[in-house]
Amino acid sequence: MRRRRNLVIRAPGSLEIIEEQLPEVPEGGLLLETLVTGLSAGTELAFVKGDHPGLRSRLDPDLGLFLPHSAGTAYPIRRLGYMEVARVAESRTPAFSEGDVLACAYGHATMHVADPLNEHLVLLGKDLDPLLGVFVAHLGPICANGLLHAAAEATGGMVRRLADGVDGRQVLVTGAGPIGLLTALFARSLGAREVAVADSDPRRRQVAADLGFPALDLDDDPGKLLKERWRHGPADRGADVVFQCRGRPEALHAALRAARPQGSIIDLAFYTSGAEAVRLGEEFHHNGLVLRCAQIGRVPRGLTGQWDRARLSAETIRLLRSHGDVIRKHLISDVVPYDNAPRLMHEVSQHQRQVLTAVFAVAPAYL
């Protein structure tokens with residue numbers, strides 16, 4: 001019987017790698033050996049810190065309501081992460097061959113028995129660096145889905161291209177984490193007239209500047225600056241569309257201030273607390289803004305048939321092929337051995353260490 005190693009969170013602040021038994025590979029299944037697995041800090045560290053909303057309330061999927069005092073998730077957290085790249089070690093389906101390299105989302109484990117009929121598996125070409133492949137299954141599609149929501153807002157749902165919401169337009173991205181920066185690169189590559197990036201962290205602003213974006217201080221009212229810079233007509237100034245990618249209410253407030261009248265804010269952020277800093281009675285109300293959540297579980301209404309997860313992954317691969325060098329250089333800040341993952345995640349959660357995108361290498365060749 002095969003065994004694997006898996007990173008689990010026993011309790012807030014308590015991470016460890018444990019050994020687990022793997023099931024046999026069923027007919028139609030795959031045995032995957034992990035090459036690298038990436039850290040999505042925004043989501044995963046909420047479990048390390050203990051402030052993930054799912055720990056205090058449960059989503060009723062039929063009602064679409066979170067029910068308080070009824071946790072939907074409890075410790076230990078055994079499946080954490082969605083940025084894996086793996087090699088097929090055993091295949092019991094003609095759909096994939098042994099040796100294929102796939103982008104997947106099954107958590108920080110060294111092996112996985114996959115079901116191709118029910119899991120999102122993306123075959124990576126030999127020309128794509130597996131380190132870049134960590135963005136393909138989930139994180140890149142989150143960004144592409146944000147662009148798709150902007151396109152739906154701009155066209156009334158008649159989307160023809162992913163570029164429809166940004167081509168020729170002035171765009172602000174609030175938040176210079178990996179989702180914000182990938183979204184900014186998407187927008188620029190799809191023809192945006194100008195893309196500015198705002199963040200309160202000077203290190204992240206420097207990365208944005210290194211990528212060629214005007215980098216603004218989120219704490220210095222970027223909306224006022226951009227409304228002086230981006231004029232569309234009398235009493236019509238600001239960003240055509242804002243991608244809100246920082247899970248802080250202050251960032252959402254800055255995004256609302258920066259949008260032009262009747263502009264759109266596409267929200268990709270994940271919030272773990274309330275929103276005291278947001279003032280919905282100010283710019284949101286008086287400028288008639290649209291605030292649209294682009295949560296990855298849904299594409300815009302009416303587009304499900306044309307824009308599935310596979311297509312969003314394909315758009316991500318297209319971006320990685322055209323901008324792979326700068327993404328590898330600027331967005332992947334740390335590549336560390338898999339055994340170091342618990343310590344790194346603990347240090348980041350305690351603000352003792354700063355990472356942009358950390359990748360845990362299971363295969364030593366990627367260190």
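His 351 is placed in the loop between α9 and β19, where helices (H or I, at least four residues) and strands (E, at least two) are DSSP runs numbered from the N terminus. The model is a predicted one, in which local features need pLDDT of at least 70 and side-chain atom pairs count only at pLDDT 80 or more, whereas totals for chains, interfaces and linings use all residues. Residues are numbered from 1 along each chain as its sequence is written, and side-chain values use heavy atoms, with hydrogens and water left out. The phi angle of His 351 is near 60°, which is a positive value in a residue other than glycine. At a relative accessibility of 66%, His 351 counts as exposed, the term exposed being used for over 50% relative accessible area, buried for under 20%, and partly exposed for values in between (1.4 Å probe, protein chains only). Thr 357 is also found in the loop between α9 (341-349) and β19 (358-361), but Thr 357 counts as buried, at 1% relative accessibility. Between the C-alpha atoms of Thr 357 and Phe 135, which are 222 residues apart along the chain, the separation is 10.0 Å.

Other backbone features were examined in the same way. Most residues other than glycine have a negative phi, and most peptide bonds are trans. Asp 221, in the loop between β12 (215-217) and α5 (222-229), has a phi near 55°, a positive value in a residue other than glycine. Asp 221 counts as partly exposed, with a relative accessibility of 26%. The peptide bond that leads from Tyr 75 to Pro 76 is cis, its omega being near 0°, and Pro 76 itself is located in the loop between β5 (65-68) and β6 (84-91).

Gly 274 belongs to the loop between β16 (259-267) and α7 (280-286) and is exposed, with a relative accessible area of 52%. The C-alpha atom of Gly 274 is separated by 8.9 Å from that of Arg 248, although the two residues are 26 residues apart along the chain. Glu 19, by contrast, lies in a strand, β2 (residues 14-21), and counts as exposed at 52% relative accessibility. Glu 19 and Leu 7 are twelve residues apart along the chain, and their C-alpha atoms are separated by 9.0 Å.

A search of the whole structure for disulfides (pairs of cysteine sulfur atoms within 2.5 Å) finds zero. The sulfur of Cys 143 has its closest cysteine sulfur in Cys 245, but the distance is 6.8 Å, so the two are too far apart for a bond. Cys 143 is buried, with a relative accessible area of 0%, and Cys 245 is likewise buried, with a relative accessible area of 14%.

Aromatic rings were then considered. A pair of aromatic rings is described by the distance of the centres and the angle of the planes. Rings of Phe, Tyr and Trp (its six-membered ring) pair if their centres lie within 6.5 Å, and planes under 30 degrees apart count as stacked, over 60 as edge-to-face and the rest as tilted; by this rule, the structure holds zero aromatic pairs. A charge sits over a ring if NZ of Lys or CZ of Arg is within 6 Å of the ring centre and within 35 degrees of the ring normal. Arg 188 lies over the face of Phe 213, at 4.1 Å from the ring centre, and Arg 311 lies over the face of Trp 307, at 3.6 Å from the ring centre.

The second largest pocket has a volume of about 360 Å³. Among the 13 residues that line this pocket, His 149, Arg 292, Val 299, Pro 300 and Arg 301 are the closest to its centre. On a 1 Å grid over the protein atoms alone, a pocket is an open set of points where a 1.4 Å probe fits, with protein on both sides within 12 Å along at least five of seven lines, and lining residues have an atom within 4 Å of a point. Grid points are joined across faces, edges and corners, and the volume is the space filled by probe spheres set on the points. At least two lining residues are supplied by each of α2 (139-155) and β17 (290-293), and the largest share, three residues, comes from α2.
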